[in-house]
Amino acid sequence: MRPLSIAVAVLAVIALILGQQSGSAGAIGMGVIGLLLAAATWRAVAIATFLRIFSIIFGVEYVLTGAAFLVAQSGAWPQAWQALVPPASLTITIAVFGLIVYAISFVPGIARIARLASPYFEAPELTTGHLWPLKSFRIGAGRLGTLLLVFLVVLNQLQVAISLRLSFFNRDFYNAIQEKDAASFWYQLIYVFSVWAAISVVSNLIEIVANYTLLIRWRRWMAEKFSSAWLGNSNHYRVSLAGNADNPDQRIAEDTRAFVNQTYNFALPLLTQVSTLVSFSIILWSIPVASVLPGTDITIPGFIFWMALIYSIAATWIAHRIGKPLIGLEFEQEKREANFRFSLARLREYSEQIALMRGENAEQKHLSERFGDIVTNFYRLVWARVRLTTFTLSFGQANVVVPYILLAPHYFSGKITLGIMTQVASAFDRVQTAMSFFIDRYQSIASYVASINRLTTFEAAIAQAASASDKGIHEVPAKGDAVHVDEATLSLPNGQPIVRVRDLDLGTARRTLVIGPSGSGKSTLFRAIAGIWPFGQGKVGIPAGAEIMLLPQRPYLPQGSLRAALAYPAPLDAYGEAEIKAAMQLTKLGHLSERLDEVDLWGQRLSGGEQQRLAVARALLAKPDWLFLDEATASLDEKLEGEIYAAMEQALPQTKIVSIGHRSTLRAMHDSIVTMQPNEDGTFSPKAESREMVG
């Protein structure tokens with residue numbers, strides 16, 4: 001950025017000097033605005049990367065077009081290429097764009113968008129690029145994204161230039177018709193329109209490919225970034241406990257897609273519309289049509305331009321006033337739609353339990369209520385859209401005739417030709433379309449803002465969950481070979497303390513049973529030891545290098561094959577066939593050994609007891625140093641439970657086992673007991689008591 005800002009400043013100074021010597025107002029204006037651009041480019045190192053890319057583009061374009069203009073001013077430009085000399089107004093326009101980019105970086109809403117968008121363009125990880133007809137190549141993901149974005153910006157500006165050239169074709173074409181000049185008519189049609197129309201078609205096809213390539217790569221990166229942050233360090237569990245970010249699945253799947261698509265569909269088309277506005281405004285300003293202020297002799301230069309500007313600004317303001325409620329309604333609609341989808345997903349997940357309880361009517365009522373919420377907000381949204389659409393459609397219809405109404409007196413008086421009238425009408429339409437950018441997209445803007453809000457609140461929720469893990473229960477190296485909890489207070493999500501631990505050693509015996517009344521915090525203690533409980537404070541000492549595995553009462557079975565469910569969370573091929581089948585035999589799942597590669601909804605196919613035994617089989621395969629069982633055999637009968645504990649004793653001779661359970665038969669399977677004892681303040685404290693193993 002700094003070398004570019006110096007180059008801009010040098011060119012601006014040269015433009016000022018040459019402008020002073022030649023009396024060129026264009027060169028002087030280019031120099032003045034160039035110095036402002038140099039200062040903005042110098043300071044642009046501090047703005048978000050996404051906006052900095054645009055700042056660099058405009059800085060480079062200023063240098064290139066400005067240098068070409070100054071070379072032409074000095075007389076060194078080839079005579080044959082005079083038609084290609086960029087005017088000073090183009091360089092000034094580019095500089096204005098650069099200044100606008102820097103200025104809007106301080107707008108809070110734009111800053112939020114840029115902060116969400118920038119990490120992709122900074123991503124250092126390598127990816128594979130494909131550029132026909134070249135071979136595949138390796139490049140940084142952020143660098144490839146930046147190159148694609150720059151290419152698309154330049155291509156969009158080229159398309160504006162093509163539109164501008166076709167505008168002059170339109171003028172000359174209709175003038176040829178008016179003057180019945182057949183030679184000029186066919187020349188304009190064959191050698192001007194056909195060539196530039198073909199270039200326009202090709203550029204649009206190239207844009208489609210580059211556009212979708214950028215969008216899918218960007219979306220994939222964002223989805224992976226958010227899912228990684230959500231899953232990292234068990235943040236997904238903490239976010240669900242805190243309840244401050246509903247429907248994370250929608251935010252990762254839908255809102256990242258909406259954000260990427262809409263950011264592109266606003267940034268580049270907006271840039272195109274601004275370029276169009278400037279380019280075609282020059283046409284409107286240069287038309288020899290002026291208006292006299294009523295009651296005076298004062299003429300208003302650029303009358304058509306000012307009318308287009310005032311007309312569009314007024315319409316934009318009215319549209320904003322009408323459409324403002326859409327933003328809140330779009331956000332609420334997305335939330336209610338997500339809640340309905342989540343209810344359907346939970347119904348599918350618990351279909352067996354619902355069927356056993358004959359809960360279909362209750363579920364139908366619940367779904368109807370959820371969808372009723374959607375309908376209620378939807379009608380509010382419809383009426384808000386109707387109000388806005390009524391205005392935008394009326395505005396669009398008026399746009400067809402307004403320029404002709406303004407130009408008709410000048411045409412019929414002979415001040416302008418038919419070609420100029422059609423060119424100005426077209427330019428008026430392009431200017432007001434550019435000015436009406438936000439009118440036409442107000443509904444999209446409302447949805448866009450809702451997506452931004454959902455992503456930023458989701459990001460904040462993840463950050464809060466990560467912060468809670470840093471401030472709450474800390475894992476530290478244990479002094480010996482036992483899991484040690486020292487001076488810890490465990491709380492519920494609402495902040496109410498539930499467990500107070502003064503000094504607890506687990507592992508002094510090989511098998512420990514934790515008992516206590518329901519609600520005394522046994523499972524909470526296990527989750528704190530596992531490192532996922534964020535509420536409270538204290539330290540958990542874990543032996544160096546120890547691998548801990550916790551089996552909950554209800555195991556998780558991922559989608560896929562039975563082999564994948566047994567290996568989870570290890571890779572599918574982590575264990576050999578003989579190991580897996582041996583573990584299945586020990587856990588009484590041998591009848592399923594021939595279905596290892598069968599893909600099914602195993603969470604619904606297997607009974608509760610089979611699912612718990614499958615989880616134990618995982619532990620037998622993983623061979624952790626510490627195995628915590630949170631009522632992980634509660635669905636088994638006493639005889640089978642005893643056999644499973646015997647299997648763990650046989651297969652895991654080096655593993656220390658800590659169990660939570662309520663059955664008296666479990667006492668005989670453990671060497672020591674930890675009892676959750678009540679305190680005067682309503683909390684519970686674990687107290688260890690060694691005992692002889694009961695045979």
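1. Let's start with His 130, which touches Ser 136, Phe 137 and Arg 217, not counting residues up to four places away in sequence; contact here means heavy atoms within 4.5 Å. His 130 sits in the loop between strand E1 (126–129) and strand E2 (137–140). Helices (H or I, at least four residues) and strands (E, at least two) are DSSP runs, numbered from the N terminus. With a relative accessible area of 60%, His 130 is exposed. The cut-offs are under 20% for buried, over 50% for exposed and in between for partly exposed (1.4 Å probe, protein chains only). From His 130 to Thr 213 the C-alpha to C-alpha distance is 9.8 Å, although 83 residues separate the pair in sequence.

2. A word on what you are looking at: this is a predicted model, where local features need pLDDT of at least 70 and side-chain atom pairs count only at pLDDT 80 or more, while totals for chains, interfaces and linings use all residues. Residues are numbered from 1 along each chain as its sequence is written, and side-chain values use heavy atoms, with hydrogens and water left out.

3. Trp 218 deserves a look of its own. Leaving out residues up to four places away in sequence, Trp 218 touches Phe 50, Ala 117, Tyr 120, Phe 121, Phe 259, Val 260 and Thr 263.

4. Thr 587 lies in the loop between H19 and E12, and at 0% relative accessibility Thr 587 counts as buried. Beyond its neighbours within four places in sequence, Thr 587 is in contact with Arg 613, Val 616, Ala 617, Leu 620 and Ile 644.

5. On to the charged pairs: the structure holds 19 salt bridges, each a side-chain nitrogen of Lys or Arg within 4 Å of a carboxyl oxygen of Asp or Glu. One of them joins Arg 563 and Asp 597, with the closest N and O atoms 2.8 Å apart. Arg 563 belongs to helix H18 (residues 562–567) and Asp 597 to the loop between helix H19 (577–586) and strand E12 (599–600), so this pair ties together parts that are 34 residues apart in sequence. Arg 563 is buried, at a relative accessible area of 12%, whereas Asp 597 is exposed at 55%.

6. In a second salt bridge, the side chains of Asp 600 and Arg 605 meet at 3.1 Å, N to O. Asp 600 counts as buried at 18% relative accessibility, while Arg 605 is partly exposed at 49%.

7. Within helix H22 (residues 638–651), Glu 643 and Lys 639 are 4 residues apart, about one turn of the helix. These two form a salt bridge whose closest N and O atoms are 2.6 Å apart. Glu 643 is partly exposed, with a relative accessible area of 27%, and Lys 639 is exposed at 62%. Elsewhere, salt bridges that share partners join Arg 563, Glu 577, Lys 581, Glu 594 and Asp 597 into one network.

8. Now for the surface. Ile 6, Val 10, Ile 14 and Trp 42 form a nonpolar patch there, with about 360 Å² of accessible area together. Such patches are made of residues with over 30% relative accessible area and no salt bridge, nonpolar side chains (Val, Leu, Ile, Met, Phe, Trp, Tyr) being joined within 5 Å and like charges within 9 Å. Accessible areas come from the Shrake-Rupley method with a 1.4 Å probe, and for residues only the protein chains shown count as cover. Helix H1 (residues 2–22) gives the most to the nonpolar patch, with 3 residues. Ile 14 is found in helix H1 and is partly exposed, at a relative accessible area of 38%.

9. Finally, Ser 685, in strand E16 (residues 684–690). Ser 685 is buried, with a relative accessible area of 8%. A polar atom of the Ser 685 side chain lies 2.7 Å from the backbone oxygen of Arg 500.

Technical notes. A polar contact is a pair of N or O atoms within 3.5 Å; within protein, one must be able to donate a hydrogen and the other to accept it, and residues adjacent in sequence count only if both atoms are side-chain atoms.
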